[in-house]
Amino acid sequence: MKEIKAGLIGLGTIGTGVVKVFQKNAELMEKRLGARLRLVKIADLDITTDRGVAIDPALLTTDAYAVLRDPEIKIVIELIGGYEPARTFVLEAIAQGKHVITANKALLALHGAEILAAAEKQGVNVMFEASVAGGIPVISAIKESLCANRFRSVLGILNGTCNYILTRMSQEGLEFEAVLKDAQAQGYAEADPTFDIEGIDTAHKLAILISLCFGTRVDFKSIYTEGISRISALDLQFAKQFGYEIKLLAIGKLGYGKIEARVHPTMVPVDHPLSDVDGVFNAVRLQGDFVGPVMLHGRGAGMDATASAVMGDAMAIARDLLRKGPLRTPSMGCAQSALADFPVRPMDELVGQYYLRFGVLDRPGVLAQIAGILGNHDISILSMLQPERQIGGAVPIVLMTHEAGEANIRAALAEIDRLDLVREKCHLIRIENDLA
């Protein structure tokens, strides 16, 4: 029986899940491969903590280089996360001629070009299905099943923590801080949730999806990123009255030679499938020129779902190794030389509809002043709500605009926020109706 040896760096939650798959489904994988895929070495700084899985102590080491420089190991699985030393370890594995599997979306978003160029030069593969949407096979779908399509757009609900918080707020009328605290208690949110709630995690994933869908390099820093920490229960209530749900949406579009790359709270029509993605679930919606709209939906995180994606990559690499031929599918679905360099469209060029919530003094003529300033900036009002209630002494005025330019909206809001009658700065949420 042929044997392919793998090494693991990082024995955290996902690493433990990978060990469980190796142990529980070894016979199944052997049957499907026609060869034995074996985990022979595990590196982690902490090898004494009980992870709830029995591991032969002979497999454990605190030295990552014992994995990286073992000539018998052909596949290195990197699951430590972060930028360093993950980048150094991955580049070392590539230099040693090993194939790499990673779930590290932050690493790929910032250093993906360097890593993938090194892998192509060395003739090895870097696979990263688990880096986006956990167990949902979106990356393999883009690279393989849908690879004959030109993609018009990629849209995603890519962070289970944010989606859980917004779902609870919407369904139960709770405020952000209360739901976040409960999410942390249940293990759905980290002790420091900044990367999740401020949209950074989602932007990392969007950078990867844009590169795959549009065959381009994208600078992570050019992705407009806004989180959900300013969303209130009132915003979700008003959104429903207008016929929308609020989701933290990753949006990538290609048109007229430019990329739209943005992450922000978005009002999604209630009759759109993305509005029904609730709780910790993720979804990715792709629009191809031949296949049309395709949506993949499932668990976007967690030990088992993410370990499943890691092991799918391991099986794919094992099949390539057994063929002893050239790599069947490049890491990005195409050669690095085929990648284009589309510029990212500045947010000021965005044109769309907007939800605006103001907190103002309850005086005659207030709405007329606001409407006048909006009109001076070529912004017209589609509909309005002015409920009879107080928010810290301020009366809310809620508007939905017709299509307007982002630059005009920002200029108008800066002027309105300077008015003496404004007691709460305007809260803006973008409305996305072009979700085909």
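In what follows, Ala, Val, Leu, Ile, Met, Phe, Trp, Tyr, Cys and Pro count as nonpolar, Asp, Glu, Lys and Arg as charged, and the others, Gly among them, as polar. The model is predicted: local features need pLDDT of at least 70, side-chain atom pairs count only at pLDDT 80 or more, and totals for chains, interfaces and linings use all residues. Residues are numbered from 1 along each chain as its sequence is written, and side-chain values use heavy atoms, without hydrogens and water.

On a 1 Å grid over the protein atoms alone, a cavity is a set of points where a 1.4 Å probe fits but cannot get out; a pocket is an open set with protein on both sides within 12 Å along at least five of seven lines, and lining residues have an atom within 4 Å of a point. Points are joined across faces, edges and corners, and a volume is the space filled by probe spheres set on them.

One cavity of 30 Å³ or more is present. The largest cavity is lined by Glu260, Ala261, Arg262, Arg345, Pro346, Met347 and Leu350; four of the lining residues are nonpolar, none polar and three charged.

| Space | Volume |
|---|---|
| Largest cavity | about 50 Å³ |
| Largest pocket | about 1300 Å³ |
| Second largest pocket | about 430 Å³ |

Of the 44 residues lining the largest pocket, Ile14, Lys105, Glu190, Asp201 and Ala301 are the closest to its centre. That lining has 17 nonpolar, 18 polar and nine charged residues.

The second largest pocket has 24 lining residues, with Lys253, Glu260, Val351, Glu432 and Asp434 the closest to its centre. Its lining comprises eight nonpolar, five polar and 11 charged residues.
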